[in-house]
Amino acid sequence: MTTPRIRLVELTAADVSARRQAAELLVEAFPHANGWPTIEDATDEVTDLLTPERRCRAAIDDDDQLVGWICGTPGYRGRVWELHPLVVRASARGHGVGRELVRDLERVLNTEGALTLWVGTDDERGETSLAHVDLYPEPLAHLRDVRGVPTHPLGFYIHCGFALSGVVPDANCRGLPGILLSKRIS
């Protein structure tokens with residue numbers, strides 16, 4: 001597959017077609033119990049995210065189809081933003097769409113005075129070296145050598161310039177942590 005040509009636009013509640021496609025992408029990418037297993041669950045999530053205080057961006061291809069989207073939620077009086085979610089259609093993964101969405105969100109947030117962007121990437125299926133390890137009494141000591149399988153998003157976020165910032169032991173059940181990453185927006 002060739003790299004899809006995309007344009008980056010604001011994802012708004014008014015665009016019914018884009019909202020539907022955004023929900024479909026959530027189901028495609030996160031069909032498991034901790035994700036959005038039904039279109040109804042995903043539609044509710046998209047509706048909850050498309051609010052004026054958040055910044056949601058979409059990657060649209062030449063056929064006016066949504067191939068990916070990203071959302072940022074402000075915290076710390078707008079200085080720190082959480083990236084959640086980032087989703088790219090399976091057929092477009094590995095072709096730079098996710099990286100472009102991250103860069104675009106950073107650009108938008110930078111104009112608003114944001115300083116830091118953070119993301120949590122869960123290890124729900126034992127795909128990182130932190131899985132099934134007792135991270136206590138020093139959870140942060142385990143971050144230095146963390147590795148993930150190629151399909152886990154950890155490597156993607158590090159490639160995008162995020163740094164390991166923390167770990168939440170047992171976030172997804174005993175032995176399956178949440179991994180926190182952050183980066184300075186400039």
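Student: What makes Arg-57 and Asp-104 a salt bridge?

Tutor: The closest N and O atoms of Arg-57 and Asp-104 are 2.5 Å apart. A salt bridge is a side-chain nitrogen of Lys or Arg within 4 Å of a carboxyl oxygen of Asp or Glu, so the pair of Arg-57 and Asp-104 qualifies. One caution: this is a predicted model, where local features need pLDDT of at least 70, side-chain atom pairs count only at pLDDT 80 or more, and totals for chains, interfaces and linings use all residues. Residues are numbered from 1 along each chain as its sequence is written, and side-chain values use heavy atoms, with hydrogens and water left out.

Student: Where do Arg-57 and Asp-104 lie in the chain?

Tutor: Arg-57 is in strand S2 and Asp-104 in helix H3 (residues 97-111), 47 residues apart, so the pair links distant parts of the chain. Helices (H or I, at least four residues) and strands (E, at least two) are DSSP runs, numbered from the N terminus.

Student: Why is Arg-57 called buried?

Tutor: Its relative accessible area is 12%. Buried means under 20%, exposed over 50% and partly exposed in between (1.4 Å probe, protein chains only), so Arg-57 counts as buried. Asp-104, at 5%, is buried too.

Student: How do you know that Arg-7 and Asp-64 form a salt bridge, and are they buried or partly exposed?

Tutor: The closest N and O atoms of Arg-7 and Asp-64 are 2.7 Å apart, which is within the cut-off. Arg-7, at 40% relative accessibility, counts as partly exposed, and so does Asp-64 at 48%.

Student: What about Glu-100 and Arg-103?

Tutor: Their side chains meet in a salt bridge at 2.4 Å, N to O. Both residues lie in helix H3, 3 residues apart, about one turn of the helix. Glu-100 has a relative accessible area of 32% and is partly exposed; Arg-103 is also partly exposed, at 47%.

Student: How many salt bridges are there in the whole structure?

Tutor: A search finds 12.

Student: Now the rings: how many aromatic pairs does the structure hold, and why is the pair of Phe-30 and Trp-36 called edge-to-face?

Tutor: There are 3 aromatic pairs. For Phe-30 and Trp-36, the ring centres are 5.4 Å apart and the planes lie at 80°. Rings of Phe, Tyr and Trp (its six-membered ring) pair if their centres lie within 6.5 Å; planes under 30 degrees apart count as stacked, over 60 as edge-to-face and the rest as tilted. The Phe-30 and Trp-36 pair is therefore edge-to-face. Phe-30 is partly exposed at 26%, whereas Trp-36 is buried at 12%.
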